[in-house]
Amino acid sequence: MRFSMRILSLSAAVLALSCQAQVKLPLNVPKAAAALLPKATTALTETEVSNGLKEALVAGVQKGSSVLGAAGGFAQSEIYRLVLPPEVADLEAKINANPVLRVALKPQLEQLKTKLNEGAERAAAKSFPIFRDAVVGMSVRDAMGILKGGQGSATRYLRSETEQPLQAAFRPAVQSALDEVEIAKYWEPVAKAINQNKRLLGRTEDIQTDLVTYVNQKTYDALFREIALQEDRIRQDPVQRTTELLRKVFGSL
């Protein structure tokens, strides 16, 4: 009987040692459990957050300028392609409905659309230093709130803080871009023909469209949309955080 009990005790001891060898239980259970917890992050300063937001916005400006400033950036885009200015677009159906005006003006209207989009692309290509300077010179108040404000919050803040001066600074670049594509050569005959036939088209006054203002606004809107998209990518995808500062700031969310 005693011999049997010893055999059973020895078997139990061997089984326990075998299980311990297979499972490899840690000697310090609290320490092992602590290793599974997320590591504490260093607290961010307001300056770091502000600089991180600016860095993300500059990345967005650079991306937007590159995408929209490429050949076809506007013309081949379902989202950004420019149509005729509203005053002319409202008359396009009437022009197409009149056989004489359609023959005279439809080709010119199509050429005008092409040149408007080319001008917008050239303006976008010139935009990076102008928009970058606006970002760098921006005073980011309540940076922590903007950081945690969700998608596009930094872009919306930039736009609200800089819209009028930024459009004013961008206007010469738009003017230069439209001059490069000789927009006047395509616009003036269209405007003249419409004004000469204004009564036939149901108008009482001449059209006086400011093409620079029109292209400025459209290009400006497109750039801000692209900046917001890039900001959202940085917020959502760690791969897009290409610098240590971006990783530290946006990784804290």
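Q: Where is lysine 54 found?
A: Lysine 54 lies in helix H3, residues 46–69. Helices here are DSSP runs of H or I with at least four residues, strands are runs of E with at least two, and both are numbered from the N terminus. The model is predicted, so local features need pLDDT of at least 70 and side-chain atom pairs count only at pLDDT 80 or more, while totals for chains, interfaces and linings use all residues. Residues are numbered from 1 along each chain as its sequence is written, and side-chain values use heavy atoms, leaving out hydrogens and water.

Q: Which side chain of opposite charge is nearest to lysine 54?
A: That is glutamate 161, 11 Å away. Lysine 54 is buried and has no salt bridge. Buried means under 20% relative accessible area, exposed over 50%, and partly exposed in between, with a 1.4 Å probe and protein chains only. A salt bridge is a side-chain nitrogen of Lys or Arg within 4 Å of a carboxyl oxygen of Asp or Glu. For charge, Lys and Arg count as positive and Asp and Glu as negative; His and the chain ends are not counted.

Q: What does lysine 54 touch?
A: Leaving aside residues up to four places away in sequence, lysine 54 touches Val135, Val136, Met138 and Val140. Contact means heavy atoms within 4.5 Å.

Q: Changing topic, how many helices and strands does the chain have?
A: The chain has eleven helices and zero strands. Buried residues make up 40% of its 253 residues.

Q: And how many aromatic pairs are there?
A: The structure holds five aromatic pairs. One of them joins phenylalanine 131 and tyrosine 220, a tilted pair at 6.1 Å centre to centre with 50° between the planes. Rings of Phe, Tyr and Trp (its six-membered ring) pair if their centres lie within 6.5 Å; planes under 30 degrees apart are stacked, over 60 edge-to-face, and the rest tilted.

Q: Where do the two partners sit in the chain?
A: Phenylalanine 131 is in helix H6 (residues 128–136) and tyrosine 220 in helix H10, 89 residues apart.

Q: Are they buried or exposed?
A: Phenylalanine 131 is buried, at 1% relative accessible area, and tyrosine 220 is buried at 0%. Phe131, Phe170, Tyr220 and Phe224 form one aromatic cluster.

Q: What do the buried residues of H9 pack against?
A: They pack against helix H4 (86–97), helix H5 (99–125), helix H8 (153–180) and helix H10 (211–236). Among these buried residues are Ile183, Trp187 and Ile194.
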